[in-house]
Amino acid sequence: MPTALVPGGTNAVGRILGLLGDEWTLLIIQQALLGVTRYGEFTARLPISNSVLANRLQALTQNELLNRTIYQTRPVRAEYRLTERGRALWPVLLSIWEWERRWASEHTPRLPDMRHHACGSDFTPLLTCRSCAQVATEKQVAARWGPSGGWSRSVPEAVTRRRTSPGKGKTQAGLFPETMSVFGNRWSAALLVCAFLGTTRYTDFQYQLGAPPTLLAGRLQTFCANGVLSSPRQDGPQSARYQLTEKGRAFFPVLITTLQYGQQWFRAPEGPAVLLTHRTCGASFIGELSCDQCARRLAGAEVSAV
């Protein structure tokens, strides 16, 4: 069942950005989707400390993304398997995978292709409208605040973050280095949502998010350095404008799948936080991932890495 949110409290946007706006959470879910279930397997695949892993596994269990089952009592050992809520994150991870394949230069070797077993082809996932089946971009989808919307309720909840250095012989975390730089932090994720909703000025970012000035400046600098935002031409801080680049706009499917997941599993009594409309057909927008080869709607069980 979806989680019922407190009336007037943090909405679905804030909850999902607070939950997924963390590099270790995303990487643990990614490994769980690949079949990892045991504590030792997570530590073998991720450069993560025992305390951070234990903390994240506990949080994911409390948020009902993982189910903890004890399989040995002396000493106590447990398996962590994805729940229905956890498995429902596959469109988010698939969208991230595709964005990293196309835009991240750090991957050595390159991330493998993906195969759609329903048609037998290597494929690229396309974000399409459920109503008209047309491919949708950020320019064709209009967003407005819903009954539980507004920036005051959408800023991610504060969560204690810990960072660790890679252990001996291990590399930096994850298959998703570019995503971690723009989405693996709650303030980065919120800033990116702001940019997609049309915010361009530093002062507007600060006003809407309420982020500390030095932190916000650092995030904007990171976004410009990795090519998600264009470096602004400015005569002073008040005139600075930050525009999404082609690379930044290509992150749109990740944001849509994350938003839809959040609003499916976190329900505010007032109603949705964000309402989407597909300008092409005029219907309420529900995004789906489709195969670019056979045009069929994708299902998680039908997709694998080559």
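Biologist: Where does Pro 75 lie?

Modeller: Helices (H or I, at least four residues) and strands (E, at least two) are DSSP runs, numbered from the N terminus. In this predicted model, Pro 75 lies in the loop between β2 (66-73) and β3 (76-82).

Biologist: What kind of peptide bond joins Arg 74 and Pro 75?

Modeller: Most residues other than glycine have a negative phi, and most peptide bonds are trans. Arg 74 and Pro 75 are joined by a cis peptide bond, with omega about -10°.

Biologist: How many bridges join β2 to β3, and do the strands run parallel or antiparallel?

Modeller: Two strands pair if DSSP finds at least two bridges between them. Here β2 and β3 run antiparallel and are joined by seven bridges. A hairpin of two residues links β2 to β3. As an example of a bridge, Asn 67 has Arg 81 in β3 as its partner.

Biologist: Which residues does Thr 83 touch?

Modeller: Contact means heavy atoms within 4.5 Å. Leaving out residues up to four places away in sequence, Thr 83 touches Glu 64, Leu 65, Leu 66 and Asn 67. The place of Thr 83 is in the loop between β3 and α5 (84-87).

Biologist: Is Thr 83 buried or exposed?

Modeller: Buried means under 20% relative accessible area, exposed over 50%, and partly exposed in between (1.4 Å probe, protein chains only). Thr 83 has a relative accessible area of 18%, so this residue is buried. Trp 97, in helix α6 (residues 90-103), also counts as buried, at 11% relative accessibility. In space, Trp 97 and Pro 125 are 9.8 Å apart, C-alpha to C-alpha, and they are 28 residues apart in sequence.

Biologist: Where is Ala 295 found?

Modeller: Ala 295 is found in the loop between β10 (287-291) and β11 (303-305). Ala 295 has a positive phi of about 70°, although this residue is not a glycine. Its relative accessible area is 61%, so Ala 295 is exposed.

Biologist: How many helices and strands does the protein chain have?

Modeller: The protein chain has 13 helices and eleven strands. Its radius of gyration is 19 Å, close to the 19 Å that the globule rule gives for 306 residues, so the chain is as compact as a globular protein of that length. The radius is taken over C-alpha atoms, and the rule is 2.2 Å times the number of residues to the power 0.38. Along the principal axes, the C-alpha atoms fill a box of roughly 65 × 45 × 45 Å.

Biologist: What share of the 306 residues counts as buried?

Modeller: Of the 306 residues of the protein chain, 47% count as buried. Among contacts between residues at least 6 apart in sequence, 69% join residues at least 24 apart.

Note on methods
Residues are numbered from 1 along each chain as its sequence is written. This is a predicted model: local features need pLDDT of at least 70, side-chain atom pairs count only at pLDDT 80 or more; totals for chains, interfaces and linings use all residues. Side-chain values use heavy atoms; hydrogens and water are left out.
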